[in-house]
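Please consider the charged side chains of the model shown here, with attention to how they pair and how much solvent reaches them.

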Amino acid sequence: MGLHFHRNPDGTTTGRNEANGFTVTHAEEEEVKRQLYEDAGWEYTPPPPPVPPGFHRFSLVHDEFRASGFGDERYAGLRARPPEGCVPADWGCFALECERPGKTLMDAVAGTVAEVRRQHGLVMNSLGVEKPQEWFDADNKNGYAAKIVAHLVLMAADRARLLGYGRKDVVRLLDATGIE
């Protein structure tokens, strides 16, 4: 069964349950999600309240190919002393659920990744995004699309490192795109 969501040009959101064809369009994205979950027989959990201005909510994951769980000894210090605004979480791997300050979401993520690396010697390499090809709010610099970008950059940096590429190689590739 698949649930699919689409943001319409008029600002509404349309959701469809592929299993039975149930379709709903509404001005509120969460209402579409609630109705689709109800139709599918799934439990719906409303989103948490918004974070204060200047703060961003995100999860950082240490996702490895090698099997290591939340209780791995490498995470002992980070479980005991996580960055302010972050709480360790067991996602089948080690994760931090964070509400952190930053000018933008990318700024908040970068600051948290750097702090974890400096203080604990661990590079958090994912935001736990399962389907990065799904974009809902490409016009919002701090929304879901920004989480996808941060997730892909962290994942690319980690995979490049595993292949033996360094920072200069990754920066050279980014510079080649002409991004300003």
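The report below describes salt bridges and the accessibility of the residues that form them.

The structure is a predicted model, and a search across the whole of it finds nine salt bridges.

| Pair | Closest N and O atoms |
|---|---|
| Glu99 and Arg57 | 2.9 Å |
| Arg74 and Asp72 | 3.2 Å |
| Glu115 and Arg100 | 2.8 Å |

In the salt bridge between Glu99 and Arg57, the closest N and O atoms are 2.9 Å apart. Because Glu99 belongs to strand β6 (residues 94-101) and Arg57 to strand β4 (residues 55-62), this pair ties together parts that are 42 residues apart in sequence. Glu99 is partly exposed, at a relative accessible area of 35%, and Arg57 is likewise partly exposed, at 28%.

For the salt bridge that joins Arg74 to Asp72, Arg74 has a relative accessible area of 37% and is partly exposed, while Asp72, with 22% relative accessibility, also counts as partly exposed.

The salt bridge of Glu115 with Arg100 has its closest N and O atoms 2.8 Å apart.

Finally, Glu31, Arg34 and Glu38 are connected to one another through a network of salt bridges.

Technical notes
Residues numbered from 1 in each chain as written. Predicted model: local features only at pLDDT ≥ 70, side-chain atom pairs only at ≥ 80, totals over all residues. Heavy atoms only, no water. Salt bridge = Lys/Arg side-chain N within 4 Å of Asp/Glu carboxyl O. Helix = DSSP H or I, 4+ residues; strand = E, 2+ residues; numbered from the N terminus. Buried < 20%, exposed > 50% of the residue type's maximum accessible area, 1.4 Å probe, protein only.
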